[in-house]
Amino acid sequence: MKLIIAEKEYMAQDIANYLSKKNHVLVENIGKYFIAGDFFITWARGHLLKYYEPQDYNKKYSKWNAKDLPIIPLSFEVKIITNKEKRGRSWVETENTFMTEQIACISDLISKSKEVYHAGDADREGQMVVDEILNFVNNDKPVSRLWLHGLSDSQIDKAFHNLTPNETKTPLFEAAKARAETDWLYGTNFSRAITMKFKEKGLTN
């Protein structure tokens, strides 16, 4: 079997339909993925992972302190996206069932496949969405890039005939990762600094 990871469910459905028509096989809808002949086709629904919060690196960052700024991780770690619930005056992270189960599903399908097709959107963010999942689950199967410019049968067919090793898109992943890490650094440190300054001036509760 081969595994295709699309960025969104409707993309996975279109790819499955294409494979069904091309290979004269039925599409099986298993819930979190489709089967079309010797292909598993699943999806991510955008990012399934997010960067650690400051307190994930060190519990002391749970309390905002100007002396701790700037917070700069030695390396950026990711975790499965959670829900956030307000409990009293605090926000508490709770499990996002879809995210957790979809990561587990992708990991399981990889173990059952001999190779993987990366079918994220044809841009740097799409490259990152699937690459970060593959890294997170420690994929060791060969990965080909299915570079889709549309979801018509002819466009999907063209992409299958122009597969490239996923490594050729590594610069896109690195660019997306650099942007995301920069956003984290600015967002985390400036939001804390500004909020603490406003409190100091009595401009917020």
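Guide: Residues are numbered from 1 along each chain as its sequence is written. In this predicted model, local features need pLDDT of at least 70, side-chain atom pairs count only at pLDDT 80 or more, and totals for chains, interfaces and linings use all residues, while side-chain values use heavy atoms, without hydrogens and water.

Visitor: Why are E2 and E11 said to stand at the edges?

Guide: The open sheet has the order E2-E3-E4-E1-E9-E10-E11, with mixed pairing. Strand E2 (27-29) and strand E11 (164-165) each have a single partner strand, so one side of each lacks a neighbour in the sheet.

Visitor: Which residues lie nearest the centre of the largest pocket, and how many line it?

Guide: The lining has 18 residues, with Gln55, Ser62, Trp64, Lys84 and Trp91 nearest the centre. A pocket is an open set of points on a 1 Å grid over the protein atoms alone, where a 1.4 Å probe fits, with protein on both sides within 12 Å along at least five of seven lines; lining residues have an atom within 4 Å of a point.

Visitor: Which element gives the most to this lining?

Guide: H6 does, with six residues.

Conventions
Helices (H or I, at least four residues) and strands (E, at least two) are DSSP runs, numbered from the N terminus. Two strands pair if DSSP finds at least two bridges between them.
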